[in-house]
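Here are my notes on this model. Please read them with the structure open.

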Amino acid sequence: GFGDLERLAGDPADLREHARGRILGHGAKALPPLIECLAKARGRAFVRAAEVLGQLGPAAVAAVPALRACLRSRSADRQEAARAALARIDPAAGPTP
C-alpha cells in the first residue's frame, strides 16, 4: 500500500526499489499521497517522491503546481528534484518559478 512511501527514503536499496515499483503500480491513485509527501517530506524522502512523480510522467500532471512551488525552496536539492520531475511530466511546458 502507500506505507511504501516511507520506505522510499530507506535502506537497503532493494527494499527502496521494491517500494518504488509498488507505488508506480498504483499509477494515478498514488498522486495524492505523493503530492502530500512533497509538502511534508525532507531530504531523501522528498527527492525520491519527486523522482517517482517524474517516472509517472504525464499521468502526474496534477502534481505540477506542488512541484513548481518547490522551485522556490531554499534547498537546492529540492529545487533540482522538482525541476527534474517537471521535465519528465511535461517537457514542453518547462518549469516556471
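1. A nonpolar core here is a set of buried Ala, Val, Leu, Ile, Met, Phe, Trp, Tyr and Cys residues joined through side-chain atoms within 4.5 Å. Buried means under 20% relative accessible area with a 1.4 Å probe, protein chains only. The largest such core has 25 residues. Leu34, Leu53 and Leu67 have the most contacts inside it.

2. The model is predicted: local features need pLDDT of at least 70, side-chain atom pairs count only at pLDDT 80 or more, and totals for chains, interfaces and linings use all residues. Residues are numbered from 1 along each chain as its sequence is written, and side-chain values use heavy atoms, with hydrogens and water left out.

3. The chain has 6 helices and 0 strands. Both are DSSP runs, numbered from the N terminus: helices are H or I of at least four residues, strands E of at least two. Of the 97 residues, 41% are buried.

4. H4 supplies the largest share, 7 residues.

5. Look at Leu67. Beyond its neighbours within four places in sequence, Leu67 contacts (heavy atoms within 4.5 Å) Leu38, Ala50, Leu53, Ala82, Ala85, Leu86 and Ile89.

6. H4 (residues 43-56) and H6 (residues 76-89) pack at about 10 degrees, axes 7 Å apart. Axes are lines fitted to C-alpha atoms over the stretch in contact, and angles run from 0 to 180 degrees between N-to-C directions. The two helices are therefore roughly parallel, a term for angles under 35 degrees.

Conventions
Buried means under 20% relative accessible area, exposed over 50%, partly exposed in between (1.4 Å probe, protein chains only). Angles under 35 degrees count as roughly parallel, over 145 as roughly antiparallel, 65 to 115 as roughly perpendicular and the rest as oblique.
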